[in-house]
Amino acid sequence: MELSRRGFLKATTIGGAVALGFDLSHTRAEMRALKVSRTTETRSICPYCAVSCGVIIHTLGDRSKNAVSSVVHIEGDPDSPISRGSLCPKGITLKDDITRASRLTTPKVRLPGSDKWEDISWNDAIARIARHIKTTRDRCFVATNAKGQVVNRNPGMAWIGGCTDTNEFNFLQWKAISGLGVPYRDSQARV
Ligand code: SF4
């Protein structure tokens, strides 16, 4: 009889356990339980490209106040109508992008004349961005074109969205930046 290496190991392991009188039913049941059986699942979208494949992020930790959650596994979301559970080689490495030590977790600023980036708070970052938007709009705003027609545009700014932006988010951001007169707009998903 032909016996593969895998078959040999399986047969000798089970045979040995039976011969010694072990009950393997619990072991088999535990083996069938996936390593993600105790994780919290969070559905999200791969941030790498405009395909926007669905992902399930598995997190360990009970999310109580003093617990630090950790991402232990990421897989394709079979319920995603876009990707149906598939991830390309780039998307399948997403866990390492989240957990790597060099990942940026705070906003940074490089001040005028400085040669280095410095951490700032989110409140500080948002206040600085708002100030830059106001200053640029005041400086670049064009109310009428050469023919005297009202255009109310702000050619000093452009806006780019990300691939994880939903249609609804894009609708809202288009509304917001239209109010600022920004004429140059795009999003990675071109929606
Ligand atoms: S898994 Fe690959 S194809 Fe899908 S969104 Fe991510 S990078 Fe793009």
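This is a short tour of a predicted model, one selection at a time.

**Start with the whole chain.** Walking from the N terminus, the elements go α-α-β-β-β-α-β-β-α-β-β-β-α-β. Of the 191 residues in the protein chain, 8% are buried. Among contacts in the protein chain with a separation of 6 or more, 39% link residues 24 or more positions apart.

**Next, select 40–45, 54–60 and 70–76.** Residues 40–45 are strand 1 and 70–76 are strand 3, while 54–60 are strand 2. What kind of sheet do the 3 strands form, and in what order? The sheet is open, the order is 1-2-3, and the pairing is antiparallel. Strands 1 and 3 sit at the edges, each pairing on one side only. Look along the sheet for the twist, which averages 30 degrees from one strand to the next.

Now zoom in on strands 2 and 3, where 6 bridges hold the antiparallel pair. For a landmark, show His58 and the residue opposite it in strand 3, His73. If you want to display the links themselves, remember that strands of a sheet pair through backbone hydrogen bonds.

**Then show the core.** Select Ile45, Cys46, Cys53, Val55, Ile74, Leu87 and Leu94: these 7 residues are the largest nonpolar core. Centre on Cys53 for a moment. Which residues does Cys53 touch, leaving out those up to four places away in sequence? The list is Cys46, Gly76, Ser80, Ile82, Ser83, Ser86, Leu87 and Gly91. Two of those names, Cys46 and Leu87, also belong to the core.

Strand 6 covers residues 142–144 and strand 7 covers 150–153; the two run antiparallel and are joined by 2 bridges. Show Thr144 and you'll see Val150 of strand 7 standing opposite. Together, strands 6 and 7 make a hairpin with 5 residues between them. Finish by clicking on Gly148 in the turn, where phi is positive, at about 85 degrees.

How values were computed
Residues are numbered from 1 along each chain as its sequence is written. This is a predicted model: local features need pLDDT of at least 70, side-chain atom pairs count only at pLDDT 80 or more; totals for chains, interfaces and linings use all residues. Two strands pair if DSSP finds at least two bridges between them. Helices (H or I, at least four residues) and strands (E, at least two) are DSSP runs, numbered from the N terminus. Axes are lines fitted to C-alpha atoms, for helices over the stretch in contact, and angles run from 0 to 180 degrees between N-to-C directions. A nonpolar core is a set of buried Ala, Val, Leu, Ile, Met, Phe, Trp, Tyr and Cys residues joined through C-beta atoms within 7 Å. A residue is buried if 20 or more other C-beta atoms lie within 10 Å of its own, exposed if 12 or fewer, and partly exposed in between; C-beta atoms are placed from the backbone. Two residues are in contact if their C-beta atoms, placed from the backbone, lie within 7 Å.
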